Amino acid sequence: MALSALVGLGFFSASASAEVILHAFNWKYSDVAARAQEIANLGYKKVLVSPAYKSSGGEWWSRYQPQDYRVIDNPLGDTQAFKAMVNALSAKGVAVYADIIFNHMANETWKREDLNYPGTEVLNSYAANSSYYNSQILYGDLEDNFFGANDFHPEGCISNYNDPGNVQYWRLCGGEGDRGLPDLDPNNWVVAQQKAYLNALKSLGVKGFRIDAAKHMTNYHLNAVFTPEIKSGMHVFGEIITTGGAGNGDYDNFLGPYLYDTDHAAYDFPLFATLRGALNFGGSMSALVDPGAYGQALDGGRAITFAITHDIPLNEGFRYQLMDGTNEHLAHAFVLGRDGGTPLIYSDNNESGDNRWVNFYKRGDIQGMLRFHNGVQGTGMQILSHNECHILFSRGSKGVVGINKCSGGQDAWADAGSAGLWWNTNYRDTLDGSSVERISSNWHKFYLPPRSARMWLRD
């Protein structure tokens, strides 16, 4: 369904703020807590942390294989460490968002045939260390399994990723005989357990939920769990990976219906695809003028915008979407410079082996982009100049963003008067601090160096 139709039906929420989310991917909760002051000083207002429940295994993907919702116990920390992290960030004015996995449970067919969770081995460890585990409980008790065979769809791997029924009722499998992640059936018991878990996280002070693998859940399941009461005061957004916007098969089969049937936000993969296309050789920066007008970007109130997510470098099937370093820098400038969407900045511990996103959250250019973004919050956006190579836009009277993807410099002339820019006032580039524009006439020429971005903020 086209975005314009969705807007007309009034499904978009204006409650989401454009404050920037730091995705502290696979960080220990204690490390996040220790950096609370730094995170706040950099200008982040929210931190998305990796899944918090019982899981085992040292690999990053093990965090996406839940064993038990009732207790936080994994290599990133336990319930007490999670609480301490929430409190440390809250004291600095930063909210915590939790990564939620409700589509499936851990694949343990390599060691057992039953579908009891957390299973005999984990229950025995609870009993052997009862004092510790009882102090980590989020809800319920740990004496019995909380899921069994009747709480799952039949075993079988997804075979057709274009068929919503196949994608949402069968298992995610890894190939080569892998039997896959047991796919949960949203019966009354499963829904009750998942709601209890969300309410427990809310009681700890969590302010947002990222729904992992939302593409693989039915909208019935999503709405049964994320009730109005649970969503109250929360920022909820789903991960539905698409390769384009309206008219793209992934969008029409999954993201469009999700936006229509829920009031959640979502990762703006349509805008990401538009950005990649515009920045690539043969693309045009003019495509970024108003991509939402033709369904190639989500409405700003429901969009989580980004230039990189964890799935892209960490999953072989998505690595083709990686941009080179310069294009990614330019994409971040657009995402953090524009009006619309809640930007997300990804920072990891080199799980991909690329070594590109270690401490990325505090890289010099990202710090400058955050300063610009926070400095122009609440202002509108006006396109001032664009062609195949560049785009130039203002943010009220407070700032101007210029992005040039081409190998030659670009002169971008702007009607400063109609844009409301101030005369005889310095606009200083937050990315390098040395480029200053001082407007002294109605028409002003902004020079954009090759393959670069400028984010001029009014002094």
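How many bridges join strand 12 to strand 13, and in which sense do the two strands run? Six bridges join strand 12 (residues 390-395) to strand 13 (residues 399-404), and the pair runs antiparallel. Within that pair, S394 sits opposite V400 of strand 13.

Before going on, a word on what you're looking at. This is a predicted model, where local features need pLDDT of at least 70, side-chain atom pairs count only at pLDDT 80 or more, and totals for chains, interfaces and linings use all residues. Residues are numbered from 1 along each chain as its sequence is written, and side-chain values use heavy atoms, with hydrogens and water left out.

Helices (H or I, at least four residues) and strands (E, at least two) are DSSP runs, numbered from the N terminus. Two strands pair if DSSP finds at least two bridges between them.

Contact means heavy atoms within 4.5 Å. For the angles, axes are lines fitted to C-alpha atoms (for helices, over the stretch in contact), and values run from 0 to 180 degrees between N-to-C directions.

**Helix 12 meets helix 14**

Helix 14 also packs with helix 12 (residues 269-279), at an angle of about 130 degrees and with the axes 10 Å apart. That makes helix 12 oblique to helix 14; under 35 degrees would count as roughly parallel, over 145 as roughly antiparallel, 65 to 115 as roughly perpendicular, and the rest is oblique. Helix 12 brings L271, L275 and L279 to the contact, while helix 14 brings N327, L330, A331, F334 and V335.

**The barrel**

Elsewhere, eight strands close into a barrel in the order 1-2-5-6-7-8-9-10, with parallel pairing. The twist averages 30 degrees from one strand to the next. Here are some of its pairs:

| Pair | Bridges | Sense |
|---|---|---|
| Strand 1 (residues 21-24) and strand 10 (residues 342-347) | four bridges | parallel |
| Strand 1 and strand 2 (residues 46-49) | four bridges | parallel |
| Strand 9 (residues 303-305) and strand 10 | two bridges | parallel |

A24 stands opposite S347 in strand 10, and H23 faces L48 in strand 2 as its opposite number. T305 has P343 of strand 10 as its bridge partner. Is strand 1 covered on both faces or left open? Both faces are covered: I21 and H23 on one side, and L22 and A24 on the other, are all buried. Buried means under 20% relative accessible area, exposed over 50%, and partly exposed in between (1.4 Å probe, protein chains only).

R363 lies in the loop between strand 10 and helix 15. At 36% relative accessibility, R363 counts as partly exposed. R363 and E388 are 25 residues apart in sequence and 29 Å apart in space, C-alpha to C-alpha.
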